[in-house]
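This report describes a single protein chain, moving from the confidence of the model to its overall form and then to its side-chain contacts. Please keep the sequence and the structure in view while reading.

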Amino acid sequence: MSEVARELDLNPENLRGWVKKHEKQLEPAPDAELTVNERARLKKLERRNRELEMEVTFLKKAAAYFAKDPQ
């Protein structure tokens, strides 16, 4: 960034500030609605999370069963 600032004859701190301001403008607002793609991805991730939780529950039960059965 310093090199670009020199090429443009700008103060590097000014350029950094402008870049940070621009990046902040690109961030979605905290209360912004989700896009259709984001909603679909969220639904898919929630479904996968439920599946993994069920697997963990099953594996805990199986581990408990085999831990008390010495066979």
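Within the chain, confidence is lowest in α1, where the mean is 88, and highest in α3, where it reaches 95; these values are pLDDT, the predictor's confidence in each residue on a scale from 0 to 100. The model is a predicted one, in which local features need pLDDT of at least 70 and side-chain atom pairs count only at pLDDT 80 or more, while totals for chains, interfaces and linings use all residues. Residues are numbered from 1 along each chain as its sequence is written, and side-chain values use heavy atoms, with hydrogens and water left out. The average pLDDT of the chain is 90, and 96% of the residues score at least 70. Where pLDDT is low, the predicted coordinates should not be read in detail.

**Overall form**

The chain contains 3 helices and 0 strands, giving the pattern α-α-α along the sequence; helices (H or I, at least four residues) and strands (E, at least two) are DSSP runs, numbered from the N terminus. The radius of gyration is 26 Å, whereas a compact globule of 71 residues would have a value near 11 Å; the radius is taken over C-alpha atoms, and the globule rule is 2.2 Å times the number of residues to the power 0.38. The C-alpha trace spans about 80 × 30 × 15 Å along its principal axes. Buried residues account for 3% of the 71 residues, where buried means under 20% relative accessible area, exposed over 50%, and partly exposed in between (1.4 Å probe, protein chains only). The accessible surface of the chain is about 7,100 Å², and 56% of this belongs to carbon and sulfur atoms; such areas come from the Shrake-Rupley method with a 1.4 Å probe, and for residues only the protein chains shown count as cover.

**Salt bridges**

How many salt bridges does a search of the whole structure find? The search finds 3, each salt bridge being a side-chain nitrogen of Lys or Arg within 4 Å of a carboxyl oxygen of Asp or Glu.

| Salt bridge | N to O distance |
|---|---|
| Arg16 and Glu13 | 3.0 Å |
| Glu33 and Arg39 | 3.1 Å |
| Arg48 and Glu51 | 3.4 Å |

Arg16 and Glu13 both belong to helix α2 and are 3 residues apart, about one turn of the helix; Arg16 is partly exposed at 29% relative accessible area, whereas Glu13 is exposed at 53%. Arg48 and Glu51 are separated by about one helical turn because they are 3 residues apart in helix α3 (residues 36-68).

**Nonpolar and aromatic side chains**

Val4, Leu8, Leu10 and Trp18 make up a nonpolar surface patch with about 380 Å² of accessible area together; patches are made of residues with over 30% relative accessible area and no salt bridge, like charges being joined within 9 Å and nonpolar side chains (Val, Leu, Ile, Met, Phe, Trp, Tyr) within 5 Å. Leu10 is located in the loop between α1 (2-7) and α2 (12-26) and is partly exposed, at 31%.

The structure holds 1 aromatic pair. This pair joins Tyr65 and Phe66 in an edge-to-face arrangement, with 5.2 Å centre to centre and 75° between the planes; rings of Phe, Tyr and Trp (its six-membered ring) pair if their centres lie within 6.5 Å, and planes under 30 degrees apart count as stacked, over 60 as edge-to-face and the rest as tilted. Tyr65 is partly exposed at 44%, while Phe66 is exposed at 60%.
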